[in-house]
Amino acid sequence: MQTMEQNSTPGFAATVGFFDGVHRGHRYLIDQLKDEAARHGLKSMVITFDRHPRQVLCPDWQPQLLTTLEEKQLLLSTTGVDSITVLPFTPDLAQLTARRFISEVLAAQLGVKLLLTGYDNHFGHRTADSKEGFHEYVDYGREAGVEVVKAMPLAAHENDFGQACVSSSFVRRLLCEGMVEQAAECLGRQYSISGTVVHGHEQGRLMGFPTANMQVLPATRLIPLGGVYAVRVRLPHSTEELPAVTNIGTRPTFGSAQQQTVETYIPDFSADLYGQTISISFVARLRSERKFSSTAELARQMAMDVERLNRNK
């Protein structure tokens, strides 16, 4: 169990979740947590897990995550919460019922006196016909000396999917539709991915548009819908972000790659980036990827993409 800034206190007001992305909905929940903590004279604690619970419950499941554990901890540290606890999500933990989790982990191990649950939060091992929910958690908490309180959700703006609450799955859905600007509204920041620059086929260089071919890390990171995007690139050992164009796809003009590639063209930039790690933040989707009749036609389109990039700066 990994804990940050957990000192001896009268007790904690806590909330539990995976918190992938640490989006505006999570921050709204944490703001409520801090208010509850202050109201009850407690310290605030966010409890999260080192891996997605489904990775343990369904070993064959391949996650598509918005943040790594390290990124998530860094984002949580900016919320003003007093303590962050990372629980290893093990098979043994997965087998704990909600009653045992509240009494043995939250109350006995972590000193939780108040538990703020998300509007759709469920935890603890349940049988297929179990209907445990908030009211049962209140009863279990009462037995363990933990007050259980339900949080209010943060509603998203009206969008193409209709009214919805801001959630990690909603953000993933937006990104999978290429709606990076709407995802940024939900996250409170632009969505970003990182990776190592590796050698590619170098057709872009031959056309006058040398691209950095990125191997996205980790493999569990969600990559937005294929297409061409205006992005901001952060280079190694630098806080400066450069405007660039990123293509996500299979390079159909060149016969299609066997796997998806992420290639970024940075205008007026010529330094060697091979073997280095860069990050890209998605600003806007410019167009879909498509097959061109010739490399000359593709080059003309890339010049137009760069022009649109300049308008998105």
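Which residues on the other side of helix α3 are exposed?

**Overview. The protein chain of this predicted model contains 10 helices and 12 strands.** Helices (H or I, at least four residues) and strands (E, at least two) are DSSP runs numbered from the N terminus, while residues are numbered from 1 along each chain as its sequence is written. Because the model is predicted, local features need pLDDT of at least 70 and side-chain atom pairs count only at pLDDT 80 or more, whereas totals for chains, interfaces and linings use all residues; side-chain values use heavy atoms, with hydrogens and water left out. Buried residues (under 20% relative accessible area, with exposed meaning over 50% and partly exposed in between, for a 1.4 Å probe and protein chains only) make up 49% of the 313 residues. Of the contacts (heavy atoms within 4.5 Å) with a separation of 6 or more, 70% come from residues 24 or more positions apart.

**Close-up 1. Helix α3, residues 69-77, has buried residues and, on the other side, exposed ones.** K72, Q73, L75 and L76 are buried.

**Close-up 2. Helix α5 (residues 98-109) packs with helix α6 (residues 134-144), their axes coming within 9 Å.** The axes, lines fitted to C-alpha atoms over the stretch in contact, with angles running from 0 to 180 degrees between N-to-C directions, cross at roughly 40°. The two helices are therefore oblique to each other, given that angles under 35 degrees count as roughly parallel, over 145 as roughly antiparallel, 65 to 115 as roughly perpendicular and the rest as oblique. A98, R99, I102, S103 and A107 of α5 meet Y137, Y140, G141, E143 and A144 of α6. The residues of this contact divide into six nonpolar, two polar and two charged, where Ala, Val, Leu, Ile, Met, Phe, Trp, Tyr, Cys and Pro count as nonpolar, Asp, Glu, Lys and Arg as charged, and the others, Gly among them, as polar.

**Close-up 3. Helix α7 (residues 168-176) and helix α8 (residues 180-187) pack at an angle of about 160°.** Their axes are 8 Å apart, and α7 and α8 are therefore roughly antiparallel to each other. F170, V171, L174 and L175 in α7 meet V180, Q182, A183, C186 and L187 in α8. This contact comprises eight nonpolar residues, one polar and no charged.
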